[in-house]
Amino acid sequence: MMNLTSNKVIDIQLVQSNEVGNSVRMEKEGFVRSLTMLEERGVNVEAIVTDRHTGVQTFLREERKEISHYFDPWHMGKGIGKKVDELGKRKSTQDAGQWRKSMVNHLYWSASTSSSGQEAVAKWTSDANHMQNVHTHDNALFPRCLHGPLVGEGSRVWLKPKNMKKTVFYPGRVSVVFRKGPLGFLRQDPSDEARRIKDDPSMRDRSAPVKEETVRQNALTVVRVRGGDVTDPKELLGEYILQFGKFKGKSFRWLLENDVGYTLYLIQSHQREEAAGTVVSEGHSKDSLMSFIRYALSFQEINSLLQHEAQKRPVPTPAAEDDQQVGFGARASSTWREVWESRADGYAAFILKKKCAPGTKMHKLQQYLQKRQELSSSSVSSSPVPSTPALPSSASSAEPMEMEDDEELERAMLSISTATEPTDIPLSTPAPVPELQKPSGLERCSLVSCPRRSFLDTFWSFA
Ligand SMILES: [Zn+2]
């Protein structure tokens, strides 16, 4: 240990490798012993200069945060010299070898003429420009080289960046920036902007959906004008404008960047429909949804999130249906069977009449009750919930859907209300809870009773 102000060696430590397990740990051990000795004698150490031994670096960073830690230029210069030597040996980078001496000199000069670390870094990194015959720099701390015009002796073999020649460069290329949580997982909650649109129906685009080809042409123009790559499907689809739902008018890329949760919901709803074999009507909105799903599924991030979600929700086996919990509303803790067996109280009939989105808790209970009802009405005619032919779905499609404590249903409501009702209910205002009704048996949920209709049908019907 040396005091740099007096230029005197103030401590020496002798460490034997078997004291610390192996020779790599000796240097740090000696360093710690010296430093502890100094501190015990009341020396207040403000700054330390060492080589780049990693054990010492870690120790100072974690155990002695208050001490400023510097590396000495001799060791730095030696390391850089070695790397440049390696470059000089390879054919493709051999020109760099000629710069070895001036690079190491420049490092010393950067360290010795600077009054702050940032200034030293600005001077040091300017060398990359200088070696390419560029002498002005994009850094306010060192905006230009201090040398005069370089001719004759000063002129060198200037380096040329290799990559620039080969790859076609799209300065306007834009890629999706996903919002991630602290652990690196995609955030599924809406962004502030998405939330504002969600909460304020007046912000939504209510114009008629346009056809896919128009959407594509617009996207081509946007990508071309900003200098992007129109041959990259991800970049092109990213500029497609959504033709459906509460975020209509926003781009596909915007939706991925602002509401991954809604994206998952759209994909999952579509997958459920496909699995159920329900036919969905055609239309510009539908084309837009299909393109968006294709776009979203081209991202590995979205796929792994879907896989993760699928593992989280095991599909209940039919045998266990009886024991499923209702999970919402006044009968949240009842099982499905209990709801069916106590149907004389009218709750089962109440649920059967509700209009709700597929995949929600209410919808699942509804399907179960319907199955029970069909089974019992085929054998016993005195069922308390008589089975009657369903009303045409159009008769009740204008009714607002019921709120339940289910985020998916809320989302479905918002999407549907965009399409049908100009004066829809903001999410913060709960829908009025209807009174329990005596079983009337006159109507049932149009979505369930007519399997060829679906929530998306209702959704697209405005298109
Ligand atoms: Zn220069």
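A: What follows starts with the whole protein and then turns to the core and its helices.

This is a predicted model. The protein has 20 helices and four strands. Of its 463 residues, 24% are buried. Among contacts between residues at least 6 apart in sequence, 58% join residues at least 24 apart.

The largest nonpolar core holds 26 residues. Those with the most contacts inside this core are A219, Y240, L242, F252, F292 and A296. At least two core residues come from each of helix 8 (192-199), helix 9 (212-225), helix 10 (233-238), helix 11 (252-258), helix 12 (260-276), helix 13 (284-297) and helix 14 (300-312). Another core, of 16 residues, lies apart from the largest one and includes V326, W336, C356 and L365. In soluble globular proteins, nonpolar side chains tend to be buried together.

Leaving aside residues up to four places away in sequence, L242 touches F247, K248, G249, K250, F252, L255, S288 and F292.

Two of those partners, S288 and F292, are among the buried residues of helix 13. The 14 residues of helix 13 should span 20 Å at 1.5 Å a residue, and its end C-alpha atoms are 20 Å apart, so the two values agree.

Helix 12 contains S269. S269 counts as buried because 23 other C-beta atoms lie within 10 Å, where the cut-off is 20 or more. S269 and G359 are 90 residues apart in sequence, yet their C-alpha atoms are 7.4 Å apart in space.

Technical notes
Residues numbered from 1 in each chain as written. Predicted model: local features only at pLDDT ≥ 70, side-chain atom pairs only at ≥ 80, totals over all residues. Core = buried A, V, L, I, M, F, W, Y, C linked by C-beta atoms within 7 Å. Buried ≥ 20, exposed ≤ 12 C-beta atoms within 10 Å, placed from the backbone. Contact = placed C-beta atoms within 7 Å. Expected span 1.5 Å × (residues − 1).
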